[in-house]
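Colleague: Please give me a close look at one part of this model, together with what packs around it. Keep it brisk, and state your cut-offs.

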Amino acid sequence: MLRRSFLKLAGGGAVAAALRFPRTGNGAAPAPGQGRPNILFALADDWSFGHAGAYGCKWVKTPAFDRVAREGLLFTRAYTPDGKCAPSRACIITGRNPWQLGAAANHVPFFPPEFKSVFEALGEHGYFAGMTLKGYAPGIAKDANGKTRQMTGQPFNKRTAPSPTPEISHNDYAANFADFLDAAPKHQPWSFWYGSVEPHRGYEFGSGVAKGGKKTSDIDRVPACWPDNETVRNDLLDYAFEVEHFDRHLGRMLAELEKRGLLENTLVVVSADNGMPFPHDKGNAYHDSDHLPLAMMWSRGIRKPGRTVEAHVSFIDFAPTFIELAGLQPEQTGMAAITGRSLAEYFATEQSGRVVAARDHVLIGRERNDVGRPHDQAYPVRGIIKDGWLYLHNFEPTRWPACNPETGYLDSDGGPTKTEVLKSRLVPEQKHFWDTCFGKRPQEELYNVQHDPDCVANLAGKPEHATRQAAMKQQLFDELKQQADPRMSGQGAQFDAYPYANEKDRGFYERYMRGEKPRAGWVNDSDFEKAPLE
Ligand SMILES: [Ca+2]
């Protein structure tokens with residue numbers, strides 16, 4: 001069957017059936033490997049929305065991402081429900097929101113054995129599942145018998161290569177992908193999780209200029225939550241240089257698929273687990289924390305490539321998409337009930353824009369990210385993004401949002417921009433940067449993210465926005481109740497009680513204040529304030 005007529009068949013209510021059983025031209029049974037699509041899931045580590053050529057950015061060059069968008073779909077409103085590595089990845093692999101995942105709502109948890117991942121399910125249903133470097137992490141995931149789980153597939157990490165800076169991984173991701181393709185049985189579909197650790201910190205300071213050929217003047221704007229100076233601009237360019245490393249390996253993977261004749265029937269998904277590792281972004285619940293780049297291509301299955309999808313989509317939508325493309329019913333998978341909704345409805349249409357009316361908002365939130373508050377407590381937040389507005393509800397506003405100052409603000413990765421913002425606390429005309437990134441926050445926050453994407457002007461409590469604020473809170477709480485969020489039934493303290501899986505850092509606050517020197521490798525020594533702040 002020709003591609004066009006297959007896609008015609010795939011329209012309307014027949015999407016799932018048609019996508020499950022694409023046939024070859026002469027009506028014969030599908031050729032080996034040409035039935036169910038392969039899945040290449042490329043996940044950068046800490047990359048924010050907008051920082052790709054396809055979104056018009058000039059100082060981050062991403063030809064491979066741009067190609068995926070051009071030959072497939074570019075999403076402009078894709079959000080993780082939780083802007084931190086482990087909980088975001090938990091949402092991806094389960095199709096459930098963080099508040100539906102018990103201990104896996106937290107960063108560095110003991111991942112509950114009862115939640116099967118979509119890649120484990122695909123592996124049980126005929127897929128060959130592989131991965132490289134960073135899969136579900138950081139956290140400890142064992143099955144009921146104590147055996148370590150491979151929740152994103154079997155690892156392929158043997159190949160290494162010299163890295164452009166000492167801070168970039170030696171993993172030769174693309175070569176490991178080629179090894180995986182060599183190992184994949186020829187008559188099976190496969191899934192591969194490309195788990196880059198770029199652009200996670202640290203960075204080689206000045207590498208964006210020295211090695212990436214960039215100029216600090218290339219940056220069109222510095223977000224309003226940080227000082228605009230050469231140090232911050234260099235930090236941004238060093239981040240850009242690492243994004244480009246991720247993208248280069250993606251480009252090599254696409255070329256490898258093309259060479260092997262596999263690109264046509266591979267769904268390629270490219271995104272990041274959370275926003276950039278800068279204060280106010282990664283680990284928070286602001287717009288840049290959770291709003292992420294996303295592009296997908298699949299020559300055989302996506303109609304009218306080059307479309308832009310403006311609907312709100314959530315990372316909990318990936319797992320049901322993969323299940324649908326694998327021709328499985330959710331109940332066959334053995335996974336806990338999925339909250340997300342398959343994105344395949346965007347593949348078989350010719351329309352751009354929102355397409356599905358129900359996708360007019362997303363829910364977001366956070367529980368415990370890093371340790372560094374008394375008793376390993378979280379900074380619990382829930383939020384909703386709708387109609388260009390972000391409403392946030394902070395459940396424990398007396399706590400420090402980025403963790404306690406005297407223990408290094410551990411919820412914010414150390415780096416030049418964090419250091420600049422911390423310095424601003426002592427400079428009266430700049431202290432607003434510190435207040436925005438690290439100061440305590442009111443219970444409710446409301447931002448017009450179309451006009452204030454950096455979320456620096458909190459409009460909650462303003463009479464002219466009271467109706468919107470109340471309506472957004474109502475919808476958020478109603479939906480969280482439907483999803484059995486423990487925060488809605490007074491049981492939220494359970495998230496604080498789940499132990500941090502890394503014993504070395506558990507109870508960090510009390511141990512540090514007792515005079516022990518536990519070492520938090522992701523921040524700088526200068527991040528620790530000499531005394532508690534009010
Ligand atoms: Ca991350």
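**The sheet and its surroundings**

Modeller: Strand 12 and strand 13 (residues 381-386) run antiparallel and are joined by six bridges. Strands here are DSSP runs of E with at least two residues, helices are runs of H or I with at least four, and both are numbered from the N terminus. This is a predicted model, so local features need pLDDT of at least 70 and side-chain atom pairs count only at pLDDT 80 or more, while totals for chains, interfaces and linings use all residues. Residue numbers start from 1 along each chain as its sequence is written.

Now the whole sheet. It is open, has four strands in the order 12-13-14-15, and pairs antiparallel. Pairing requires at least two DSSP bridges between two strands. On average, neighbouring strands of the sheet are turned by 15° against each other, direction ignored. Helix 13 (residues 466-482) packs on this sheet and touches strand 12, strand 13, strand 14 (389-394) and strand 15. The direction of helix 13 makes about 65° with that of strand 14. Axes are lines fitted to C-alpha atoms, for helices over the stretch in contact; angles run from 0 to 180 degrees between N-to-C directions. Contact means that C-beta atoms, placed from the backbone, lie within 7 Å.

The loop between strand 13 and strand 14 holds Asp387. Asp387 is not a glycine, yet has a positive phi of about 55°.

Next, the domains. Domain 1 spans 36-361 and domain 2 spans 363-527; such bounds come from an automatic or database domain assignment. Taken over C-alpha atoms, the domain centres are 24 Å apart. Across the boundary, 44 residues of domain 1 contact 48 residues of domain 2. On the domain 1 side, helix 8 (230-259) and helix 9 (287-290) are the elements that give two or more residues. Helix 8 gives the most, with four residues. By class, that side has 22 nonpolar, 15 polar and seven charged residues. Ala, Val, Leu, Ile, Met, Phe, Trp, Tyr, Cys and Pro count as nonpolar; Asp, Glu, Lys and Arg count as charged; the others, Gly among them, count as polar.

Angles over 145 degrees count as roughly antiparallel, under 35 as roughly parallel, 65 to 115 as roughly perpendicular and the rest as oblique. The crossing of helix 8 past helix 11 is left-handed. That label applies if the near helix is turned anticlockwise from the far one by less than a right angle; clockwise gives right-handed. Helix 8 contributes Thr231, Val232, Asn234 and Asp235 to the contact, and helix 11 contributes Pro416, Thr417 and Glu420. These residues divide into two nonpolar, three polar and two charged.

Helix 8 also packs with helix 6 (residues 173-183), at an angle of about 30° and with the axes 8 Å apart. Helix 6 and helix 8 are therefore roughly parallel. Here the crossing is right-handed. Tyr173, Ala174, Phe177, Ala178 and Leu181 of helix 6 meet His249, Arg252, Met253 and Glu256 of helix 8. By class, this contact has six nonpolar, one polar and two charged residues.

Key. Two residues are in contact if their C-beta atoms, placed from the backbone, lie within 7 Å.
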